[in-house]
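Keep the viewer open as you read.

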Amino acid sequence: MTETAIWTTGLEPDLPDISPPLDLGYRQRVEVLPTLQLTNNPQVYALGDLAAVNDQGKYLTGVAPEALQQGVAVARNISRQLQGRLPKPFRYFNKGRLAIIGGYGGVRRIGFVNLTGFVPWLLWLAVHVVYLPGYYNRWRVMLKLLRVYLLGHRSS
């Protein structure tokens with residue numbers, strides 16, 4: 001038995017059947033405090049697309065970059081609480097948006113600058129390779145991507 005439970009979900013909230021029921025807010029997501037703790041149960045944290053996170057007057061969308069930053073914030077807040085300190089409010093830093101749109105095309109939005117085509121696709125690949133753990137994994141993935149790009153051989 002553990003004293004820490006981590007529950008994960010994806011794409012849309014899959015709420016646990018608990019009593020008392022969770023406070024739901026924006027888009028049927030769980031209401032959280034600025035520290036990402038539940039409003040009616042502060043020893044529990046919620047993040048990602050499960051949580052209704054109001055960051056500086058605007059609700060976050062629940063995409064992966066937000067969830068990654070929230071995960072780091074929650075880990076730091078749990079550590080702070082174990083040291084007897086209060087948790088800090090979460091603030092999202094928007095680094096921009098990247099997506100691939102098929103073939104060798106992508107879209108990018110950083111600030112008010114939008115770009116489509118090959119360059120955003122290349123940026124998307126670079127960002128995903130950079131976030132891989134370890135140099136060996138990065139090197140392996142880059143070689144596979146280069147092979148797919150040059151030869152068109154896609155493995156399953």
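Q37 is found in the loop between β1 and β2 (51-52); strands here are DSSP runs of E, at least two residues long, and helices are runs of H or I, at least four long, both numbered from the N terminus. This is a predicted model, so local features need pLDDT of at least 70 and side-chain atom pairs count only at pLDDT 80 or more, while totals for chains, interfaces and linings use all residues. Residues are numbered from 1 along each chain as its sequence is written, and side-chain values use heavy atoms, with hydrogens and water left out.

Back to Q37. With a relative accessible area of 7%, Q37 is buried (buried means under 20%, exposed over 50%, and partly exposed in between, using a 1.4 Å probe and protein chains only). Its side chain has a polar contact of 2.5 Å with the side chain of T35, and it also reaches the backbone oxygen of P42 at 2.6 Å. A polar contact is a pair of N or O atoms within 3.5 Å; within protein, one must be able to donate a hydrogen and the other to accept it, and residues adjacent in sequence count only if both atoms are side-chain atoms. Leaving out residues up to four places away in sequence, Q37 touches E31, V32, P42, V44, Y45, Q81 and P87, where contact means heavy atoms within 4.5 Å.

V32 takes us into the core. Of the 15 residues in the largest nonpolar core, V32, L36, L38, A46, V53 and F90 touch the most other members. Such a core is a set of buried Ala, Val, Leu, Ile, Met, Phe, Trp, Tyr and Cys residues joined through side-chain atoms within 4.5 Å.

Now for the rings. The structure holds six aromatic pairs: rings of Phe, Tyr and Trp (its six-membered ring) pair if their centres lie within 6.5 Å, and planes under 30 degrees apart count as stacked, over 60 as edge-to-face and the rest as tilted. Y26 and Y59 are stacked, 4.3 Å centre to centre with 10° between the planes. That pair links distant parts of the chain, 33 residues apart: Y26 lies in the segment before β1 (30-31) and Y59 in strand β4 (residues 58-59). Y26 is partly exposed at 29% relative accessibility.

W121 and Y149 make a tilted pair, 5.9 Å centre to centre and 35° between the planes. W121 is buried at 9% relative accessible area, whereas Y149 is partly exposed at 37%.
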